[in-house]
Amino acid sequence: MIFKIYYQETKIRNPKREQTHSLYLEAADEVGARELVEKNTPYNIEYIQALEGNHLEYEKENADFKLTEF
């Protein structure tokens, strides 16, 4: 399943909406996606969103869609 991970680049500063970034990741489930990001980055995860169906197709067409591999 494909997940969209919303994150802040550091855990030190307070989160600010304007500094929220996102990445796309393939994982078996939400827990696995969180573990991959926490293990491989210093990011502060804000939200994990599962993408499927029309929503996934929209993201592929209209965003900077690139799957991240660790």
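A residue is termed buried under 20% relative accessible area, exposed over 50% and partly exposed in between (1.4 Å probe, protein chains only). The model described is predicted, so that local features need pLDDT of at least 70 and side-chain atom pairs count only at pLDDT 80 or more, while totals for chains, interfaces and linings use all residues. Residues are numbered from 1 along each chain as its sequence is written, and side-chain values use heavy atoms, with hydrogens and water left out.

Helices (H or I, at least four residues) and strands (E, at least two) are DSSP runs numbered from the N terminus, and two strands pair if DSSP finds at least two bridges between them. Strand S1 (residues 2–8) pairs with S3 in the antiparallel sense over seven bridges, and Ile5 stands opposite Ile48 in S3.

Rings of Phe, Tyr and Trp (its six-membered ring) pair if their centres lie within 6.5 Å; planes under 30 degrees apart count as stacked, over 60 as edge-to-face and the rest as tilted. The count comes to three aromatic pairs. One of them joins Tyr6 and Tyr47, with centres 6.0 Å apart and planes at 40 degrees, so the pair is tilted. Tyr6 lies in strand S1 and Tyr47 in strand S3, so this pair ties together parts 41 residues apart in sequence. Tyr6 is partly exposed, at 22% relative accessible area, and Tyr47 is partly exposed at 48%. Tyr24 and Phe65 form a tilted pair, 4.8 Å centre to centre with 50 degrees between the planes. Tyr24 is buried at 3% relative accessibility, whereas Phe65 is partly exposed at 23%.
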